[in-house]
Amino acid sequence: QVTSLADYRPTDFVLERVDLTFELDPTETKVEARLIFHRREEANPNAPLVLDGDELVLSSVLFDQIEIDSERYTATPDSLTIRDLPASEPFEITITTLINPEANTQLMGLYRSNGIYCTQCEAEGFRRITYFPDRPDVLAVYTVNIIADKAANPLLLSNGNFLGGAGYGEGKHFAAWFDPHPKPSYLFALVAGDLGLVEDTFTTVSGREVALKIYVEHGKEPRATYAMDALKRSMTWDEETFGREYDLDIFMIVAVSDFNMGAMENKGLNIFNDKYVLADPETATDADYANIEAIIAHEYFHNWTGNRITCRDWFQLCLKEGLTVYRDHEFSADQRSRAVKRIGEVRHLRSEQFVEDSGPLAHPVRPSQYKEINNFYTTTVYEKGSEVTRMIASILGKDLFKQGMDLYFERHDGDAATVEDFVQCFADVSNRNLSQFSLWYHQAGTPHVTVSCDYDTNAQTFTVKLAQTIAATPGQPDKKPMHIPLSFALLANDGAMIAPASASGGEVSENLLHLTEAAQSFVFHGVPERPVLSLNRSFSAPVILNFTQSSDDLALIARYESDLFSRWQALTDLALPVLCEGVKQVRAAQPVLFNDALKRSLLAIVADDTLEPAFRAQALALPSEADIARELGGDIDPDAIYAARKAIIHDIAVAGLDIFKGLLAQMATDAAYTPDAKAAGQRALKNAALAYVVQAENDPLKAAEAYAKANNMTDLSHSLSILAHHFPGTTETKAALSDFESRFANNALVLDKWFSIQATIPGEDGLVRIKTLMQSPKFNAANPNRVRALIGSFAFANPTGFHRADGASYSVVTEEILAIDKRNPQLAARLLTSMRTWKLLEPQRAGKARAALTTIANANDLSNDVRDIIDRILTA
Ligand code: ARG
Ligand code: ZN
């Protein structure tokens, strides 16, 4: 059952109002939905009302308060059809369903997590609560009444503003909420239970006071203060940057421990995976703090980009997600170091989205078909979607982009909009035709741009020849040329920027080349010396450059570029060929040859005190094993990649030992932990240096010392992972692992780090290790965070363990996926995507992977989620 964009049409009935009453019970919750509809003027006067359901049990249905004849309706678990309805006047349908929150292991709809009732309705979870037109273009105003046992559920929350509450007979109480903003059902939320509270207030730019409340498990309140701080900074930033003010009297966040994704932007009542709320220095790393800040911001920003303006249908998912990721990226860039943030974004984009875009799961940012919408919450929709928004901003420039956003908010507030509506706003303010640019939404695949340069001394011209291609992707064999904005600089031999007198060959602004044709030559005139071209600065376009620059040119960029991203990129471009060559040497059983240009450039950057420590730490994180695999493009042997990378890092570590030791001392501090970007950057550099020192000395001692004296989770978990990954099985490592386990025995989120550090220890023993850890009483296969920490880390982040040559890991993980699919299809489908690159493996491993995947494909009763992924992975 395929859903197609081309089939979109509005509903026959307009939903005017929704009144919901919940009588909460762990196993038998009664939901009464009073829905007021009228038939749309254009609609067929005989069309029945067809409502969505999913595993529902109907107890009764009333028409204008009167029980209706059984011939007038048909109810199944997944739909309710009502016939003979009025041609034009409004009518009321009252539906009562019975649901079992305790048995809801899918974590979609209303479920219980650790004794807390909570909901997840995006994308199609509301239909698991009641029969409903469960689609994002049906917007209505909701009133919600919640009745529950008072002692167990002192807290009764829903969207909007609190109307009132009171006692309700024997031990029960009720609360009523009203949300004045029309919304689609996917933004509905309900929470009930007993939780601790952190409170604050925010005064909006127009002077309205908003109550801010973050609910967490009792006793964890002190760990929610950073999230509160991030929330207030997000609210201020959205007012200052996008002119967006909050629009209710109260904004609530609830942290729950069982959650499929990161968080959810329900109107006025965001629900979070507690991993992205709870932090203190003892239990959270710098990366955790940064993630919390970003996700709190992301969900808050959805209030305008997602909630006030929502999506017409799920094909438009990037309209809210791509744009909101762009907004949260900009927020974090403003709060922290923009260049370091950008490097992190690009690393993530390449390692996840580029992989998706070149494999069997490739799909456009705005897809036109899906079998299971849950499988489209992807890095393509989110992160590439964000990059597309970023390109609009760079093509238009800051001011016109701001005008376009203002127009979008003004024109579409209250709408369920489309990507076309969004793009039109930027076309209107800029008078640019953005139809070619819009291919970014419709064509899947990462463009490859081939670059060659030519300098003519006599004519003083510099020619840049560009050619673009996009490989075929599933369902899209032929591609058209795209509009690719490439930021550039021309560098002189002394590193200074050269400003050419003029340029021809296409649209060129001060620092942007607009590549719009399949092949195009840009000529710069008045260039006094042979320049070095720095192209795609700050990663202005999400493309792959095929540009062979000499080591000297790359070294010059690495040394002088004013754009730090480009300096990092030049180092990466120096390193990748060396690493790939090393892999070949390992596979040919030859010694790995080292490269001085790489070493020199890298160590010069690392030793440069004028550069921010966080940037230097990024430079030290050489391309990952996955980066090397991507660069190789096929016939992947993960063991060879691991060995080559390790040898090259060892060589750099030995060459730079004095520098690394110096940094260890220089970056050490006795100051109390603070999570700000500057302090985090110093820790990052210190910890990167520690890893190099330990590898140069081939001695666990310094890592064990660092573990012993760590006073924060960043240092503690980093030293633990150095021990575990480089010295597995030693007494030092065993002691640290068991110390960590007992120290954090009561903190599941911290034990997740313990699970994932062990799950990513390289080598084929990884399989035995994760099998043992799955038996640990601390593991819980029903909790998504535990599953991701252990099985997810192994499958996604342990190439040598997961891809062991005998294929044994594939069998174990696929068996686990099948077991998880019975409880939680979304989680199972997500885990399965770890095998999306199986065809790129060397033949023996690829054969084993295919066999394991075939077992899944042949299993009975697969969920729609897993069926969709397995079909695409195996056939494409
Ligand atoms: N809208 C949420 C966010 O990105 C993600 C919810 C996804 N849920 C799902 N079941 N696929 O902020
Ligand atoms: Zn989102």
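Predicted model: local features only at pLDDT ≥ 70, side-chain atom pairs only at ≥ 80, totals over all residues.
**Notebook: helices, strands and a ligand shell**

I began with a pair of helices and noted that α5 and α6 cross in a right-handed way.

**Entry 1**

I looked up how the two helices lie against each other. Helix α5 covers residues 379-396 and helix α6 covers residues 398-412. They pack at an angle of about 125°, and their axes are 6 Å apart. Angles over 145 degrees would count as roughly antiparallel and 65 to 115 as roughly perpendicular, so α5 is oblique to α6.

Which residues of α5 and α6 meet? I found Ile 392, Ala 393 and Leu 396 on the α5 side, with Leu 400, Phe 401 and Gly 404 on the α6 side. I sorted the residues of this contact by kind: five are nonpolar, one is polar and none is charged.

**Entry 2: an open sheet**

Next I turned to a sheet. Strands of a sheet pair through backbone hydrogen bonds, in either the parallel or the antiparallel sense. The sheet I picked is open, has five strands, and shows mixed pairing. I wrote down its order as β28-β31-β26-β25-β33. Which strands are at the edges? They are β28 (502-504) and β33 (544-546), and each of them pairs on one side only. I also noted that neighbouring strands here are turned against each other by 25° on average, direction ignored.

Strand β26 (residues 461-469) and strand β31 (residues 519-525) are antiparallel, with seven bridges between them. One bridge I traced links Thr 463 to Val 523 in β31.

**Entry 3: strand β2 and its partners**

Then I went to strand β2, residues 13-23, and its antiparallel partner β3, residues 29-39. How many bridges do β2 and β3 share? I noted 10. Arg 17 stands opposite Ile 36 in β3. A hairpin of five residues leads from β2 to β3.

I also looked up β12, residues 140-149, which runs parallel to β2 and is joined to it by seven bridges. Here Glu 23 has Ile 147 in β12 as its bridge partner.

**Entry 4: around ligand 1**

Last, I checked the ligand. I found 14 residues around ligand 1. Which of them come nearest? My list reads Glu 122, Met 261, Met 264, Asn 374 and Tyr 377. The elements giving two or more residues to this shell are β20 (263-264) and α2 (286-301). By kind, the shell holds five nonpolar, five polar and four charged residues.

Methods. Residues numbered from 1 in each chain as written. Chains lettered and ligands numbered in written order. Near = placed C-beta within 6 Å. Helix = DSSP H or I, 4+ residues; strand = E, 2+ residues; numbered from the N terminus. Nonpolar A, V, L, I, M, F, W, Y, C, P; charged D, E, K, R; others polar. Axes fitted to C-alpha atoms, helices over the stretch in contact; angles between N-to-C directions. Parallel < 35°, antiparallel > 145°, perpendicular 65-115°, else oblique. Left-handed = near helix turned anticlockwise from the far one by under 90°. Contact = placed C-beta atoms within 7 Å. Pairing = 2+ DSSP bridges.
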